[in-house]
Amino acid sequence: MANVIGKSIVIDGEISGDEDLVVQGTVKGRIMLKESLLVESSGTVEADIQTQNVEISGAVTGDIQATSKVEIKADGRVVGNIKAPRILIADGAKFKGNVDMDR
Amino acid sequence: MANEPPGVIGKGIAIRGNLSGEGDLIIEGTVEGEIALKNHLTIEETGVVRADIKAERLTIRGEMSGNIEASDRVAIQTNAQVTSDIKAPVVVIEDGARFKGKVDMDVELPDGIL
């Protein structure tokens with residue numbers, strides 16, 4: 001079962017774990033996952049993110065470090081520095097920050 | 001809100017901090033800190049919660065410690081392990097549940113008792 005932080009949920013603190021996480025609500029603080037993070041269009045994340053994969057359709061403010069891939073979808077908005085071997089920014093996405101693809 | 005599926009904090013997830021919001025929530029993982037939820041919170045058998053909880057309804061099947069304030073009811077089910085002071089109009093403790101703490105149902109007892 002997918003972990004879902006629903007639209008009306010606000011978390012202020014630290015989330016860690018080894019399962020996929022879907023954010024539809026608000027998370028402030030820090031997110032550390034072994035697998036994938038999905039920020040849906042209703043999601044707002046003000047947190048530093050460390051994970052394997054990130055897919056962003058919502059709003060993210062914070063530094064992102066992924067061991068595999070960061071994907072900013074067309075409706076994603078990201079302010080922060082991204083470090084990952086693969087970084088995809090779709091047409092329409094808004095992004096401000098540094099990109100570091102060093103392997 | 002009622003027809004929205006409940007949020008789930010799964011087994012492999014740990015949250016440290018404050019969690020608040022509306023809607024139903026199921027915790028199968030670990031939460032430390034504070035929880036304020038407008039609707040129904042369920043702590044499943046695998047769930048471990050060390051937090052002060054404010055919610056409308058609370059169902060506990062796992063491990064929980066911290067203070068509870070519920071506006072509707074608290075149900076501590078079989079296999080639950082709870083250390084808590086509970087304030088709620090209805091508190092149900094099932095056979096097999098382990099509970100340590102105070103219960104305040106704000107009941108007015110008839111004269112002659114206590």
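## Terms and model

Two strands pair if DSSP finds at least two bridges between them. Helices (H or I, at least four residues) and strands (E, at least two) are DSSP runs, numbered from the N terminus. In β4(B), the bridge partner of B:Asn18 is B:Glu34.

The model is predicted: local features need pLDDT of at least 70 and side-chain atom pairs count only at pLDDT 80 or more, whereas totals for chains, interfaces and linings use all residues. Residues are numbered from 1 along each chain as its sequence is written, and chains are lettered from A and ligands numbered from 1 in the order in which they are written.

## Chain A

Chain A has zero helices and 13 strands, in the order β-β-β-β-β-β-β-β-β-β-β-β-β along the sequence. The globule rule is 2.2 Å times the number of residues to the power 0.38. Along the principal axes, the C-alpha atoms of chain A fill a box of roughly 35 × 25 × 25 Å.

Of the 103 residues in chain A, 38% are buried. A residue is buried if 20 or more other C-beta atoms lie within 10 Å of its own, exposed if 12 or fewer, and partly exposed in between, with C-beta atoms placed from the backbone. Two residues are in contact if their C-beta atoms, placed from the backbone, lie within 7 Å. Among contacts in chain A between residues at least 6 apart in sequence, 1% join residues at least 24 apart.

## Chain B

Chain B also has zero helices and 13 strands. For its 114 residues the globule rule gives 13 Å; the radius of gyration of chain B is 14 Å, close to that value, so chain B is as compact as a globular protein of that length. The C-alpha trace of chain B spans about 50 × 30 × 25 Å along its principal axes.

Buried residues are 35% of the 114 in chain B. Among contacts in chain B between residues at least 6 apart in sequence, 2% join residues at least 24 apart.

Contacts between the chains involve 21 residues of chain B and 20 residues of chain A. On the chain B side, the elements that give two or more residues are β1 (7–9) and β2 (13–21), and β2(B) gives the most, with nine residues. By class, this side has eight nonpolar residues (Ala, Val, Leu, Ile, Met, Phe, Trp, Tyr, Cys and Pro), 10 polar (the others, Gly among them) and three charged (Asp, Glu, Lys and Arg).

Strand β2 (residues 9–17) of chain A and β2(B) run antiparallel and are joined by nine bridges. Within this pairing, A:Glu14 has B:Arg16 as its bridge partner, and A:Ile15 has B:Ile15. Within chain B, β2(B) and strand β4 (residues 30–37) run parallel, with eight bridges.

A nonpolar core is a set of buried Ala, Val, Leu, Ile, Met, Phe, Trp, Tyr and Cys residues joined through C-beta atoms within 7 Å. The largest has 54 residues, of which A:Val27, A:Leu37, B:Val31, B:Leu41 and B:Leu58 touch the most other members. Strand β6 (residues 48–60) of chain B gives the largest share of this core, six residues. Beyond its neighbours within four places in sequence, B:Leu41 is in contact with B:Leu25, B:Ile35, B:Ile53, B:Ala55 and B:Leu58.

B:Ala70 lies in strand β8 (residues 68–76) of chain B and is buried, with 22 other C-beta atoms within 10 Å. Not counting residues up to four places away in sequence, B:Ala70 touches B:Ala55, B:Glu56, B:Arg57, B:Leu58 and B:Ala88.
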